[in-house]
Amino acid sequence: MGRLDGKVAIVTGAARGMGEATARAFVAEGARVLVADVLEEEGCALTAELGEAARFCRLDVSSEESWAAALAAAESALGPVNVLVNNAAINDFRSLLDYDKQSFQRVLDVNLLGTMLGLRYVGEAMVRRRSGAIVNIGSVDGTRGANGYSAYVTSKWAVRGLTRAAAMEFGPRGVRVNAVLPGGVYTAMGNPNGLSVEQINRGYTNVPLQRVGMPGEIAQASVFLASDQASYICGTELVVDGGWITGIYHPHFPGAPGDQGYGG
Ligand SMILES: NC(=O)c1ccc[n+]([C@@H]2O[C@H](COP(=O)([O-])OP(=O)(O)OC[C@H]3O[C@@H](n4cnc5c(N)ncnc54)[C@H](O)[C@@H]3O)[C@@H](O)[C@H]2O)c1
């Protein structure tokens, strides 16, 4: 028996990366999934592989009309939607001094307004049926600052606030809303320079688990929050970051990576 048997899910940004891993994990747990993305070729290749349990729909999360069409496509092809994973996002690495209004706004349009529109349209259908679970993908960058990421950081802080506000409104109507906050993950976004896992892991010295996360590891958090095993969890954040935001290693105290003081 799968943990998501009988569920119908929309996963945004599911053509690649963490969204793809989430779609795969959901299907493996018994869900039917609408793979929703702007990348048609990759999305269709994935649904062809996943078979009857998955359908592709072109969705630009920043477009209101696009959401209404995606919801209708999911409901007619797969049935009433009871899970939404707001995963699609973009980053735009540049100094704050190099942003103009339009480029900063574009990041907010996809990452923040895209999440809001998902809550608005799919949440409305769930609230009407008084049943559903929504997972918003935030980031550890929504818990702190980061150089070169000002628009992204702003959007991900806001996704946390939106998650809590939605949980307050939807909870009484039978819909749970939670967030997953990944740390560094080995995807196109998390590895823009195309480094190997070994190369990228060398930069993870301040992460207790000393390595980058894999998309499938983050997907499991969404599986849990979407499943009935999380039936009493609403408005929370599940940090999946290998311990990254736990603290900062003090160079002069024992127990830091490579230190043998606590038994190696
Ligand atoms: N990779 C990381 O290190 C990391 C860390 C923390 C959080 N996250 C978050 O995880 C989620 C997935 O990121 P990823 O690493 O898989 O990135 P990715 O770039 O590999 O995948 C993002 C997907 O979103 C899609 N997308 C972009 N704009 C869209 C739009 N307007 N409408 C619909 N789809 C759109 C892309 O086509 C792509 O398929 C994002 O919310 C991201 O912010 C990633």
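This is a predicted model: local features need pLDDT of at least 70, side-chain atom pairs count only at pLDDT 80 or more; totals for chains, interfaces and linings use all residues.
What share of the 264 residues of the protein counts as buried? I started there, and the figure came out at 45%.

**Overall size.** I checked the radius of gyration next and got 19 Å for the protein. A compact globule with 264 residues would come in near 18 Å, so the two agree. Along the principal axes, I see the C-alpha atoms filling a box of roughly 60 × 50 × 40 Å.

**Secondary structure.** I counted seven helices and seven strands. Walking along the sequence, I wrote down the pattern β-α-β-α-β-α-β-α-β-α-β-α-α-β.

**Ligand shell.** How many residues surround the ligand? I find 29, and the closest are Gly13, Gly17, Ala89, Met189 and Gly190. I also asked which elements give two or more residues to this shell: they are helix H1 (17-28) and helix H4 (101-129). The largest share comes from H1, with three residues.

Sorting the shell by class, I get 15 nonpolar residues, eleven polar and three charged. Among the closest residues, Gly13, Gly17 and Gly190 fall in the polar class here, because Gly is counted as polar. Ala89 and Met189, also on the closest list, go with the nonpolar ones.

Technical notes. Residues are numbered from 1 along each chain as its sequence is written. A residue is near a molecule or strand if its C-beta atom, placed from the backbone, lies within 6 Å of it. Helices (H or I, at least four residues) and strands (E, at least two) are DSSP runs, numbered from the N terminus. The radius of gyration is taken over C-alpha atoms; the globule rule is 2.2 Å times the number of residues to the power 0.38. A residue is buried if 20 or more other C-beta atoms lie within 10 Å of its own, exposed if 12 or fewer, and partly exposed in between; C-beta atoms are placed from the backbone.
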